Amino acid sequence: MPNMDWKQLSALSKQRFGAYGEYYVKMEFLSYGFDVFSSEVDNHGINFVCIKKDKLLKIQVRSVQKETGYVYTKKKYFDINDKNMYLCLLIFENQKLPDIYLIPAVEWKNKNELLKYHAYEEPEYGINISNKNMPLLNKYQFESVFKKINCK
């Protein structure tokens, strides 16, 4: 059983917390029979690629504490026209295993209260995490998205 004092882990280093989330998600994909490939340098916004038979998934991972309200990825690294690109969101609540969500990049074409686009100097796609938006987020629970893309 892992140490689930997530507040302690994220307090030590955001980088360690993010790395833990990334490895956790890789293990999830491996458990469903995917081959997982990481790049040596993360300079294109893709944390890793998963392949299973004819399925190729490009995964970007974001890890947050339950209290955190917004996460984002830079537009230049996240192509919302790429049907193989996904953002995998892990929400950590202390003393519990994380909740995992798998959001297809194309979903940002239909922006709503949950999925945002901000045309800042460096544009970004974001996720507005709140109690109010949880029903919108729940449709992206890891298992249900897997079923839709016929990966299970």
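**Starting at the surface**

Phe-37, Ile-51 and Leu-56 together make a nonpolar surface patch of about 240 Å². A patch here is built from residues with over 30% relative accessible area and no salt bridge, joining like charges within 9 Å, or nonpolar side chains (Val, Leu, Ile, Met, Phe, Trp, Tyr) within 5 Å. The salt bridge in that rule is a side-chain nitrogen of Lys or Arg within 4 Å of a carboxyl oxygen of Asp or Glu, and the areas come from the Shrake-Rupley method with a 1.4 Å probe, with only the protein chains shown counting as cover for residues.

Keep in mind that this is a predicted model, where local features need pLDDT of at least 70 and side-chain atom pairs count only at pLDDT 80 or more, while totals for chains, interfaces and linings use all residues. Residues are numbered from 1 along each chain as its sequence is written, and side-chain values use heavy atoms, leaving out hydrogens and water.

(Strands are DSSP runs of E, at least two residues; helices are runs of H or I, at least four; both are numbered from the N terminus.) Leu-56 counts as partly exposed because its relative accessibility is 32%. The scale is simple: buried is under 20% relative accessible area, exposed is over 50%, and partly exposed is in between, using a 1.4 Å probe and protein chains only.

Now look at the loop between β2 (48–52) and β3, where you'll find Lys-53. At 81% relative accessibility, Lys-53 is exposed, and its phi is positive, near 50°. Most residues other than glycine have a negative phi. Gln-95 also has a positive phi, about 70°; look for Gln-95 in the loop between β5 (85–92) and β6 (99–104).

Rings of Phe, Tyr and Trp (its six-membered ring) pair when their centres lie within 6.5 Å; planes under 30 degrees apart are stacked, over 60 edge-to-face, and the rest tilted. By this rule there are 16 aromatic pairs. Phe-29 and Phe-34 are edge-to-face, because their ring centres are 5.5 Å apart and their planes are at 85°. The rings of Phe-29 and Phe-146 also have centres 5.5 Å apart, but their planes are at 50°, so this pair is tilted. Phe-29 belongs to helix α2 (residues 14–31) and Phe-146 to helix α4 (residues 142–148), so the pair ties together parts 117 residues apart in sequence.
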